Amino acid sequence: MSENPEMRFDGKVVVVTGAGNGLGRDYALQLAARGAKVIVNDLGGSTDGIGNDQAAAARVVEQIRSNGGEAVASFDSVATEEGGAAIIRAAIDTWGRVDAVIANAGILRDKSFAKLTPPELDALLDVHLRGTFFTVHPAFTWMRENGGGNVVVTASPSALFGAFGQSNYCAAKLGIVGMMQVMAIEGAKAGIKVNALAPTAATRLTATAGMSDAPREPLPPEQDPMSTGRVSPLVLALAHESCPASGEIFNAGCGWISRAVIAVNEGVMLDSFTPEAVAAQWDALRDPSTLSVPQNATDYWHMIQARTGAQG
Ligand code: NAI
């Protein structure tokens, strides 16, 4: 397959949250290497969101600058309204614009659902769901007035497909997917494209989740199947003005990139409106071989109408 011309970000300003480590760090480095001016945001806490340390973001900024790129550190937390506003303000105050936001900051506090406590739910909602809102909202409103832009939010395969011990994380991550779909619909007219990424890579976060034994210095993508560098190409393509997609969910892990969808199967028409009529058709109702993908809730309503003749 032939490759497109080099994808450059010259003159573009990109905000990456949680860019002091792992995936965000790789996105920031690669964006800067392709000409982007990057706000490297990171609170610098532990994987469960405790503490803060400016060293993580500062190190990435230093690395970008020593490679000849442009970057500014932001140490604010995405988890507060003031923090999110300050992160986006850093881009606008420094370079006068914000062309793309990659909302990537994240933490984990795994616990089985039976043992989950309200503070453990809140902590995850604060960083992931509210954090995405607090960061993307000020950028979205700026983009709406200034010709559009690209937003990449971060979901997770755990949230899309389910995983033991992560109900708080998955609730937050699928909340992000819901927010993304609406932002994409509402931002379309203004030229704002919003997509969600579900990444898989070895980072300190997955080390705590038991996917790999220890956090490691990132290896180049050619040498390590779990390299963050095998996820970044899709993220850069989503953050670039040439991205054709909006409102969609993409997976990236180990070099395999794919699209995930929320789909509807052919289902069945009830011939009587009783639970017994449902029970008689469980197999057809659950059949995954007839799935199709509504583009939005209006499209889904049209599917109902086509099958039932219902009128709104
Ligand atoms: P990581 O722990 O290496 O990086 C996350 C960064 O976010 C850290 O540097 C941390 O300090 C920062 N951060 C946390 N809370 C913050 C806050 N309130 N404000 C600002 N920065 C904050 O983890 P990784 O793996 O790079 O994760 C990046 C994103 O990808 C997260 O949203 C995570 O949930 C998601 N993800 C990662 C997967 C993987 O396989 N690595 C799988 C699925 C999702």
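Me: Which residues lie nearest the centre of the largest pocket, and how many line it?
Reply: A pocket, on a 1 Å grid over the protein atoms alone, is an open set of points where a 1.4 Å probe fits, with protein on both sides within 12 Å along at least five of seven lines; lining residues have an atom within 4 Å of a point. Here 46 residues line the largest pocket, and G106, I107, H128, Y169 and L205 lie nearest its centre. This is a predicted model, where local features need pLDDT of at least 70 and side-chain atom pairs pLDDT 80 or more, while totals for chains, interfaces and linings use all residues. Residues are numbered from 1 along each chain as its sequence is written, and side-chain values use heavy atoms, without hydrogens and water.

Me: What volume does the largest pocket have?
Reply: A volume is the space filled by probe spheres set on the points, which are joined across faces, edges and corners. For the largest pocket that gives about 840 Å³.

Me: Which helix supplies the largest share of its lining?
Reply: Helices are DSSP runs (H or I, at least four residues), numbered from the N terminus. The largest share, 4 residues, comes from α4.

Me: How do the lining residues of the largest pocket divide by type?
Reply: Ala, Val, Leu, Ile, Met, Phe, Trp, Tyr, Cys and Pro count as nonpolar, Asp, Glu, Lys and Arg as charged, and the others, Gly among them, as polar. The lining has 18 nonpolar, 21 polar and 7 charged residues.

Me: What about the second largest pocket: how many residues line it?
Reply: Its lining has 26 residues, with E3, M7, P233, L234 and A237 nearest the centre, and its volume is about 700 Å³. Helix α8 gives the most, 6 residues, and the lining divides into 15 nonpolar, 7 polar and 4 charged.

Definitions and conventions:
Helix = DSSP H or I, 4+ residues; strand = E, 2+ residues; numbered from the N terminus.
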